[in-house]
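Work through the exercises below with the sequence and the coordinates open. Each task is followed by a solution in steps.

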Amino acid sequence: MYTVGQLAEIVDVILSFSSRSSLYNCALVCKSYYGVAIKYLWRRLPSALPILSLLGDIEYFGPYVNKWTFATTPSQSSWENFHKFARHVEVIAGRAQTWSRGTLDYDYDDSARGDEHPEQLKRCWDRCYGGCYIDQTTLDQIVQHQYSAGGAIRTPLIPNLEHLEFTFSRFPGPPKAFLPLLGPKLRTFILLYHTCGLLIPYEGDTAARQRVISQGVRELAEFEGEIPLERLELSVQASQTFAVGYQEIDEAFLLALKRYTKLRRVKAPTFHRHGDLVSGIRHLRHLRYLSVTFQNPEVLTSFVKLFAPEHPDILHLELEYRRSDEATPRSILDPLLHCHDLISLALTTYYGRSTRISPWPLPDVYGMSDAWPKLESLTLCPHGFIPLEDLEAFQDAEIFPKLKSLTLAINSVGTTSPSLPVQLSLRSLQSLQVFTIQTLPRTTGKDIPALIKYVARIGTPKTRIELSGHGAGCACILCSRVSVCHREELKPLVVSSKMIRAFMASTL
């Protein structure tokens, strides 16, 4: 008779839900536990360095200690050990807060630079430059091994990799650094390019970064192996100066869209011309998720008019434009009323330092509810503000039966408190779980009472309310106490129904 711990199938299921620390301890129990624990320990990695470090010791060099290489050429036994564990890797994805740390970056020792203030320097260095990037010679050694193992055909370095989030933190690094990681099972590929927001890019630097991005995307489009990509995203985290989009990058991205025809999810870079993107995604019949940014609302509106009739079965759509001095047309959503399968829709813009913010009356809520009966998430943060009184349209139990998340840019400045008693028996939007209020830069603590009284009428007592905003106008509410905090010092505040009721009771 076997005990539970001796049944391999049961052990496998249990360890699949274990934490990394528990998996490490289980790997030390016995040989049977070791094999299962190792499989799950290597399944997901934050970067490619843990697996590449199996090839030998790493040393860094360069004028600013900004490159790394193997101390010695990897031996045959090192490669055998590498492949033993590489077959378990299925996901390489870093955390959201490690944008500045590249997928192939190596953490260096600050003292190696000989600076007298290593701690202060490291904070700036990490944010602006990341770690040491891989040397081109080292990258060539890895590629050479791939071809030596398979002859004229490139052998996958990590054969079972399905999800890859590859971050470039250093633009002098090799543009083709991600190519060795591509394989026959890769379905999700997210390219992240980090540019320092603290440094002002000069013209030559911006052009060089543009070439690095476009060259990397072209290499992806021309990759010799077969990749069953279903999700492709290209993101550039940068200051507004750089993140304006470039034709060369757009053209390279269109080549990638042409190559991978089974894409279901696409996040495109900032595009200049709407016609190019419409033509580029026309053949993607499996497309269900699209996120795209344009320069101005006119181009975005033209894109929506052409896109909606060709992709009526789109499920998730994120639209944004970056020109902060141009108002959002109210008719921008009209073409999407024919996309009846929409599950999530987001319309946002970049406010920047614009002060010309005008009212943006809420579109016909009943028309949107009838057109999108499956909608679960709605975000409306245009260039302008939704008058607080327009929230009255949501006080209907029949609209948006499946809506779980609602985000609105609302103006509460100068709004008088409602004359009617606050409704504490809430009935509208019964499925709403999160209501996020995007306040304007000029919103202050004294404007919050009217805002909260209106907001309390929407959702259920269990609906979580989050306040977010721009600049110093982001208001913080805690029960009956109102204070004003700077955005960089405060994360979006979560306000419970109990806190809202206590606050309203103190202000009625």
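The model is predicted: local features need pLDDT of at least 70, side-chain atom pairs count only at pLDDT 80 or more, and totals for chains, interfaces and linings use all residues. Residues are numbered from 1 along each chain as its sequence is written, and side-chain values use heavy atoms, with hydrogens and water left out.

**Exercise 1. The chain**

Task: State how many helices and strands the chain has, and what share of its residues counts as buried.

Solution: Helices (H or I, at least four residues) and strands (E, at least two) are DSSP runs, numbered from the N terminus. On that basis the chain has 14 helices and 20 strands. Buried means under 20% relative accessible area, exposed over 50%, and partly exposed in between, with a 1.4 Å probe and protein chains only. Of the 508 residues, 50% count as buried. Contact means heavy atoms within 4.5 Å. Among contacts between residues at least 6 apart in sequence, 77% join residues at least 24 apart.

**Exercise 2. Helices H2 and H3**

Task: Are H2 and H3 roughly parallel or roughly antiparallel?

Solution: Axes are lines fitted to C-alpha atoms, for helices over the stretch in contact, and angles run from 0 to 180 degrees between N-to-C directions. Helix H2 (residues 20–27) packs on helix H3 (residues 31–41) at about 150 degrees, with the axes 8 Å apart. Angles under 35 degrees count as roughly parallel, over 145 as roughly antiparallel, 65 to 115 as roughly perpendicular and the rest as oblique. H2 and H3 are therefore roughly antiparallel.

Next, list the contact: Arg20, Leu23, Tyr24, Cys26 and Ala27 in H2 meet Tyr33, Tyr34, Ala37, Tyr40 and Leu41 in H3. By class this contact has nine nonpolar, no polar and one charged residues. Here Ala, Val, Leu, Ile, Met, Phe, Trp, Tyr, Cys and Pro count as nonpolar, Asp, Glu, Lys and Arg as charged, and the others, Gly among them, as polar.

**Exercise 3. Helices H9 and H10**

Task: Find the angle between H9 and H10, and classify the residues of their contact.

Solution: Helix H9 (residues 247–259) and helix H10 (residues 274–281) pack at about 15 degrees, with their axes 9 Å apart. That makes H9 roughly parallel to H10. Gln247, Leu254 and Leu257 in H9 meet Asp276, Leu277, Gly280 and Ile281 in H10. The residues of this contact divide into four nonpolar, two polar and one charged.

**Exercise 4. Strand E6**

Task: Which strands pair with E6, and in what sense?

Solution: Two strands pair if DSSP finds at least two bridges between them. Strand E4 (residues 91–92) and E6 pair in the parallel sense over two bridges, with Ile92 opposite Leu164 in E6. E6 and strand E7 (residues 188–194) also pair in the parallel sense, over six bridges, and Thr167 stands opposite Leu192 in E7. Five of the six residues of E6 (residues 163–168) are buried, so this strand is largely enclosed by the rest of the structure.

**Exercise 5. Two residues**

Task: Are His145 and Phe400 buried or exposed?

Solution: His145 lies in helix H7 (residues 136–150) and is buried, with a relative accessible area of 13%. Not counting residues up to four places away in sequence, His145 touches Trp79 and His83. Phe400 sits in the loop between strand E14 (386–387) and strand E15 (405–411). Phe400 is buried, with a relative accessible area of 1%. Most residues other than glycine have a negative phi. Phe400, although not a glycine, has a positive phi of about 40 degrees.
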